[in-house]
Amino acid sequence: MILEQWTVRGIVTTMVPLLAILSILQMVSGTVLETFEDQLLANPSLLILVPVMIGTAGNLGSIMCSRLSTQLHLGTLEFTPENRAIRSNAGAVIGLAATVFVLLGLGAWSIGRALGGTLALWEVMLISVISGMLLAVFVVVVSLGAVWASFRLGHDPDDTTIPVVTNVCDITGVLILFGVVAVVLY
């Protein structure tokens, strides 16, 4: 059924309104990020964490959505908690996040220190790992929801899910990161 919808007109009709809405969300994300400008300039490690964290979350979401979409097209995806493939994909995303966000914390602290930052290693690591793991769990939930909603609405998940997940992760990543910063530093 979905393969019959692979026409230029169908893809454009689906994507133009979606991308317009997502562009507005990106402007909101930029505005939210601007409110934290003073904190970012005072702590270079945080300044390094922001783009890498939201980019990594978007990449993890893209991986999850691609794998789920492939299973959906193959007819092997079932949206049930007992589905072993979904649990395996979610576990892989969480495992990747645990590895990447530890390395990200170390890198952000090192570069931040070289730029004159004053945050301790444990503060940057705590911020990176906690916010990264919260974001990874959010990525799994949003990816599953995006693939399911796209399928239910009759749209090809290959066209719709990755832009949705990456944009939602941009906004949520900033909010989660600065929520964790507020708890750890203040």
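Contact here means heavy atoms within 4.5 Å. The model is predicted. Serine 69 sits in helix 3, which covers residues 44-74. Leaving aside neighbours within four places in sequence, serine 69 is in contact with Val147, Pro157, Asp158 and Thr161.

Is serine 69 buried or exposed? Its relative accessibility is 1%. Buried means under 20%, so serine 69 counts as buried.

## Overall fold

The protein chain has 6 helices and 0 strands. Read along the sequence, the pattern is α-α-α-α-α-α. Along the principal axes, the C-alpha atoms fill a box of roughly 55 × 35 × 25 Å.

The protein chain has 186 residues, and 42% of them count as buried. Take the contacts with a separation of 6 or more: 79% of them are between residues 24 or more positions apart. The accessible surface comes to about 9700 Å². Carbon and sulfur atoms account for 70% of that surface.

## The nonpolar core

In soluble globular proteins, nonpolar side chains tend to be buried together. In this model, the largest nonpolar core has 40 residues. Leu46, Leu49, Ile127, Leu177 and Phe178 have the most contacts inside it. Helix 3, helix 4, helix 5 (121-152) and helix 6 each supply at least two residues of this core. Helix 3 gives the most, with 12 residues.

Which residues does leucine 49 touch? Not counting residues up to four places away in sequence, leucine 49 touches Leu104, Ala108, Ile127, Ser128 and Leu177.

## The aromatic pair

The structure holds 1 aromatic pair. Its rings belong to phenylalanine 36 and phenylalanine 178. Why does the pair count as stacked? The ring centres are 3.9 Å apart and the planes lie at 5°, so the pair is stacked. The cut-off for stacked is planes under 30 degrees apart.

The pair links distant parts of the chain, 142 residues apart. Phenylalanine 36 is in the loop between helix 1 (8-35) and helix 2 (37-42). Phenylalanine 178 is in helix 6, residues 157-185. At 5% relative accessibility, phenylalanine 178 counts as buried.

## A nonpolar surface patch

Val102, Leu103, Leu106 and Leu121 form a nonpolar patch on the surface. Together they have about 310 Å² of accessible area. Helix 4 (residues 84-114) contributes the largest share, 3 residues.

Leucine 103 is found in helix 4. Its relative accessibility is 55%, so leucine 103 counts as exposed.

Technical notes:
Residues are numbered from 1 along each chain as its sequence is written. This is a predicted model: local features need pLDDT of at least 70, side-chain atom pairs count only at pLDDT 80 or more; totals for chains, interfaces and linings use all residues. Side-chain values use heavy atoms; hydrogens and water are left out. Rings of Phe, Tyr and Trp (its six-membered ring) pair if their centres lie within 6.5 Å; planes under 30 degrees apart count as stacked, over 60 as edge-to-face and the rest as tilted. Helices (H or I, at least four residues) and strands (E, at least two) are DSSP runs, numbered from the N terminus. Buried means under 20% relative accessible area, exposed over 50%, partly exposed in between (1.4 Å probe, protein chains only). Patches are made of residues with over 30% relative accessible area and no salt bridge: like charges are joined within 9 Å, nonpolar side chains (Val, Leu, Ile, Met, Phe, Trp, Tyr) within 5 Å. Accessible areas come from the Shrake-Rupley method with a 1.4 Å probe; for residues, only the protein chains shown count as cover. A salt bridge is a side-chain nitrogen of Lys or Arg within 4 Å of a carboxyl oxygen of Asp or Glu. A nonpolar core is a set of buried Ala, Val, Leu, Ile, Met, Phe, Trp, Tyr and Cys residues joined through side-chain atoms within 4.5 Å.
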